[in-house]
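User: Please walk me through this structure in short questions and answers. Keep to what the coordinates give.

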Amino acid sequence: MKRAFELALLGTGKVAPNPLVGCVIVKNGKIIGEGFHQAFGLAHAEVNAISNAMNEVEGATVYVTLEPCAHYGKTPPCADLLIAEKVAKVVVASQDPFEAVNGAGIKRLKAAGIQVELGFMQKEEHHINRRFLTSISKGRPYIILKWAQTKDHFVAKTDFSSKWISNSLSRQLVHKWRSEEMGILVGFNAAKHDNPKLTSRDWHGPNPTRIVIDPLNVLDETLHLFDDAQKTLVFTQSPKKNRKNIVYHTLDSANPITNILDQLHQLNMQSLLVEGGTNTIEKFLNLNLWDEARVFTSPRKFYKGIQAPKIEALPHHQTQVSNDTLATYYNEHN
């Protein structure tokens with residue numbers, strides 16, 4: 001099963017809005033086939049594992065990280081394929097809560113006489129598919145807050161003249177993260193003063209959909225966010241006419257954050273990386289609308305400037321990225 005999880009993670013950033021799934025087939029104590037869901041719309045993990053099998057899979061044990069599907073979507077049901085191939089046992093890390101599956105795959109396998117073991121390494125499955133599961137259970141994207149701060153807890157100088165706080169390796173890591181999420185959001189001030197591109201240009205992978213909050217629709221359209229290079233959603237009280245890659249959405253001024261999340265969920269966006277600025281991040285924190293936070297702390301000091309967001313939690317873990325410290329937090333109370 002550990003190998004199945006390793007395989008599943010190879011689909012990161014490519015399979016959404018589907019979940020990450022890996023599959024390993026074992027017969028006579030040896031792995032004879034393995035596969036994973038490689039991209040949205042392509043074959044599922046079980047199909048790839050059977051296609052890659054070196055021997056007949058009849059009588060084999062199949063280890064799969066998520067319940068085999070039992071419905072026709074982009075591909076036929078995987079449960080039916082396993083039945084047709086006459087496997088003896090299927091070990092499933094977790095049931096799939098998607099309404100078209102939700103136990104139906106397991107029920108179908110059992111009805112065909114296949115032994116099913118459920119719940120092995122379920123905690124690990126819930127972690128790797130936390131985006132998919134949050135979308136289903138909470139009706140909103142999985143929200144990751146990210147910022148970089150100085151050692152004395154500032155995110156920028158008062159005049160916004162500071163361009164980078166974190167080092168080049170940390171910034172490359174952020175580009176990797178961007179390639180793994182469906183959307184990336186900044187507020188008005190971050191868009192205006194930082195003029196970010198919000199792409200994954202320093203990492204091989206897809207660009208996320210860019211999202212900017214511009215309540216009065218007054219941001220300068222010469223900013224990188226409006227360059228049409230990547231799809232950009234503008235949330236504003238005064239929408240303009242859409243153009244090539246710029247799409248305007250009406251913003252509810254009374255409840256802007258929840259309104260944005262509701263609209264993103266309707267667009268089937270399962271994950272959101274919030275990159276700033278402080279005011280925007282603190283709105284998410286104050287509403288307790290966050291699942292994970294990734295905070296870089298640089299050894300630099302500004303002595304005065306714009307204060308970093310304050311997070312009322314202890315880090316789950318900390319790592320060094322060259323001379324930056326990266327703290328990762330998980331919200332246990334949302």
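The turns below go from the domains to the strands and then to the backbone.

User: Into which domains is the protein chain divided?
Analyst: This is a predicted model. Two domains are assigned along the protein chain. They are domain 1 (1–131) and domain 2 (142–330).

User: What distance separates the centres of domain 1 and domain 2?
Analyst: The centres are taken over C-alpha atoms. The contact draws 7 residues from domain 1 and 13 residues from domain 2. Between the centres of domain 1 and domain 2 lie 35 Å.

User: How much area do domain 1 and domain 2 bury between them?
Analyst: The size of an interface is often given as the accessible area lost when the parts come together. Here 54% of the buried area is on carbon and sulfur atoms. The area buried between domain 1 and domain 2 is about 830 Å².

User: Which three residues supply 66% of the area that domain 1 buries against domain 2?
Analyst: By class, the side of domain 1 that touches domain 2 has 2 nonpolar, 3 polar and 2 charged residues. No other three residues of domain 1 supply more of its buried area than the trio in question. The trio is Pro-17, Arg-130 and Arg-131.

User: Which residue forms a salt bridge with Arg-130?
Analyst: Side chains of opposite charge can pair when their charged atoms come close. The cut-off for a salt bridge is 4 Å between nitrogen and oxygen. For Arg-130 the closest N and O atoms are 3.3 Å apart, so the pair qualifies under that cut-off. The partner is Glu-292.

User: How many salt bridges are there between domain 1 and domain 2?
Analyst: A search of the whole structure finds 16 salt bridges. Between domain 1 and domain 2 there are also 4 residue pairs in polar contact. The salt bridge count between the two domains is 2.

User: In which helix do Arg-3 and Glu-6 both lie?
Analyst: The side chains of Arg-3 and Glu-6 form a salt bridge, at 3.2 Å from N to O. The two residues are 3 residues apart, about one turn of the helix. That helix is H1 (residues 2–8).

User: How many bridges join strand E1 to strand E2?
Analyst: Strand E1 (residues 22–27) and strand E2 (residues 30–36) run antiparallel. Gly-22 faces Phe-36 of E2. The two strands form a hairpin with 2 residues between them, and Asn-28 in the turn has a positive phi of about 55 degrees. The number of bridges joining E1 to E2 is 6.

User: What is the bridge partner of Cys-23 in E3?
Analyst: E1 also pairs with strand E3 (residues 61–64). That pairing is antiparallel, over 4 bridges. The E3 partner of Cys-23 is Val-64.

User: Which residue takes a positive phi in the hairpin of E15 and E16?
Analyst: Strands E15 (residues 317–321) and E16 (residues 324–330) run antiparallel and are joined by 5 bridges. Thr-319 stands opposite Leu-326 in E16. The hairpin has 2 residues between the strands. The residue with a positive phi, near 55 degrees, is Ser-322.

User: What is omega for the peptide bond from Ala-16 to Pro-17?
Analyst: Most residues other than glycine have a negative phi, and most peptide bonds are trans. The bond from Ala-16 to Pro-17 is cis. Pro-17 sits in the loop between H1 and E1. Omega for this bond is near 10 degrees.

User: What phi does Lys-86 have?
Analyst: Lys-86 lies in the loop between helix H3 (78–84) and strand E4 (89–92). Lys-86 is not a glycine, yet its phi is positive. The value is about 60 degrees.

Notes:
Residues are numbered from 1 along each chain as its sequence is written. This is a predicted model: local features need pLDDT of at least 70, side-chain atom pairs count only at pLDDT 80 or more; totals for chains, interfaces and linings use all residues. Side-chain values use heavy atoms; hydrogens and water are left out. Domain bounds come from an automatic or database domain assignment. Contact means heavy atoms within 4.5 Å. Buried area is the accessible area (1.4 Å probe) that two parts lose on being put together, summed over both. A polar contact is a pair of N or O atoms within 3.5 Å; within protein, one must be able to donate a hydrogen and the other to accept it, and residues adjacent in sequence count only if both atoms are side-chain atoms. Ala, Val, Leu, Ile, Met, Phe, Trp, Tyr, Cys and Pro count as nonpolar, Asp, Glu, Lys and Arg as charged, and the others, Gly among them, as polar. Two strands pair if DSSP finds at least two bridges between them.
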